[in-house]
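Let's take a walk through this model together. Have a look at it first, and then we'll go from one part to the next.

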Amino acid sequence: MTMENTSDPAGGFAQRVDAMTLARAQAGDMQAFATLYSSFGKPCFNLALRILGNRAQAEDLVQEVFLKMFGAIRSYRGDAPFGSWLKRMAVNATIDQLRGQRHDADVDAEAIFAQQPALDSAGPAATLDAWALLLRLPARARAVLVLHEFEGYTHTELAELFGQSESYSKSILARALKRLNELVVRTAEPETCPTRS
Amino acid sequence: MSDPIMTFHQFARRMRLDELPVLEPSADLWQKIAGAQQQRRRRAHLRRIVLWCGSSVVVLAALIVGADGWFARTQASVDVDWQARAQALELQLRALNTGTSARAANAIAIDAQNELALVDVALQSAYDEGAEQQRVSALWKRRSELLSALVNARRQNLEISRI
């Protein structure tokens, strides 16, 4: 019931790719691409799903990332592990998608959290489930939290990704955790109240 | 709960949250991706073919135009040669005619002279009609051959009369 090991779904982006598969993929071999998908499709999907919060959008993003990767793999020189290279591609595509969502385009932390009602939305169906809690966060806040807490991005890297200052991502993260805390408290409250018979 | 500034993992551990689920994408997602990739490849292949055909047509057209020009130039140079040769032979023939009083004519020379007159008429009408270069060239060639025969015949007659 803890959160360990969840940042690395199904082997995650840290999996190694053998040189032969990589060379074949760079030569355009579809079988090699299928091998890469079987290794990295799932982590890519889960990264997108955690940030976007929508299965269909996450699958569309995986498709976009892999098609982009097919075109760009010849330029991959092996300076970084293949998984890191692909993960960066996936994160960039996800952030681009978030930027494209007009309702989430606000860069001000206040505005981002003001868009989504906080405590009232935590109805009786809300449980102490990490995924359900994450989904209650605004998409941009969820992105900052997932990338920082699960994918190991620093605030400097997040600032670069979002084109904002470091204090921006720090502020978003702090507010996100605060919001989650409030949600948990609110959800737990009825259980802690003594019932009268 | 008074200190919300902690990591999500600490928060989750403290709150005994469930783990984030690790979900599987749809089973047919790879088929969709592979299909889209094949489609992109087909489109790119088609673009290359269209481009190749386009450039081939341009190159072919340039070759045809170039070859046509070269052929026309070559043909023209051949025509000029025959005409010049005929004129040179005519000058030779005149010189031979004036150089001797004896005009012993043989049968070949008579035939050649008759045909030469016909060729001259044909050449004149060819020019008047604006005939094709090929026809004019053929007539100049024939005229040249006839003059050559006449020159040879005159030379033979001269040699005979000197003996």
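To start, one term: a residue is buried if 20 or more other C-beta atoms lie within 10 Å of its own, exposed if 12 or fewer, and partly exposed in between, with C-beta atoms placed from the backbone. This is a predicted model, where local features need pLDDT of at least 70, side-chain atom pairs count only at pLDDT 80 or more, and totals for chains, interfaces and linings use all residues. Residues are numbered from 1 along each chain as its sequence is written, while chains are lettered from A and ligands numbered from 1 in the order in which they are written.

Now try that term on A:Ala93. This residue has 19 other C-beta atoms within 10 Å, so A:Ala93 is partly exposed. You'll find A:Ala93 in helix α4 of chain A; helices (H or I, at least four residues) and strands (E, at least two) are DSSP runs, numbered from the N terminus. Leaving out residues up to four places away in sequence, A:Ala93 touches A:Leu61, A:Glu64 and A:Val65, where contact means that the C-beta atoms, placed from the backbone, lie within 7 Å. A:Lys68 is 25 residues from A:Ala93 in sequence, and their C-alpha atoms are 9.8 Å apart in space.

Step back to the whole of chain A. It has nine helices and zero strands. Of its 197 residues, 38% are buried. Take the contacts in chain A between residues at least 6 apart in sequence: 67% of them join residues at least 24 apart.

How do the helices of chain A meet? Helix α4 (residues 82-100) and helix α7 (residues 139-150) of chain A pack at about 165°, their axes 10 Å apart. Axes here are lines fitted to C-alpha atoms, for helices over the stretch in contact, and angles run from 0 to 180 degrees between N-to-C directions. Angles under 35 degrees count as roughly parallel, over 145 as roughly antiparallel, 65 to 115 as roughly perpendicular and the rest as oblique. So α4(A) and α7(A) are roughly antiparallel to each other. On the α4(A) side the contact is made by A:Val91, A:Thr94, A:Ile95 and A:Leu98, and on the α7(A) side by A:Ala139, A:Arg140, A:Ala143 and A:Leu147.

The pair α2(A) and α3(A) packs at about 140°, with axes 8 Å apart, and these two helices are therefore oblique to each other. Among the α2(A) residues that meet α3(A) are A:Phe33, A:Tyr37 and A:Cys44, and the α3(A) residues they face include A:Val62 and A:Phe66.

Of its 52 residues, A:Cys44, A:Ala48, A:Val62, A:Leu86, A:Val144, A:Leu145 and A:Ala176 touch the most other members. Elements giving two or more residues to this core include α2 (30-52) and α9 (166-192) of chain A, together with α1 (8-15) and α2 (29-98) of chain B. The largest share, 11 residues, comes from α2(A).

That brings us to chain B, which has four helices and zero strands. Here 14% of the 163 residues count as buried. Of the contacts in chain B with a separation of 6 or more, 87% are between residues 24 or more positions apart.

How values were computed: Two residues are in contact if their C-beta atoms, placed from the backbone, lie within 7 Å. A nonpolar core is a set of buried Ala, Val, Leu, Ile, Met, Phe, Trp, Tyr and Cys residues joined through C-beta atoms within 7 Å.
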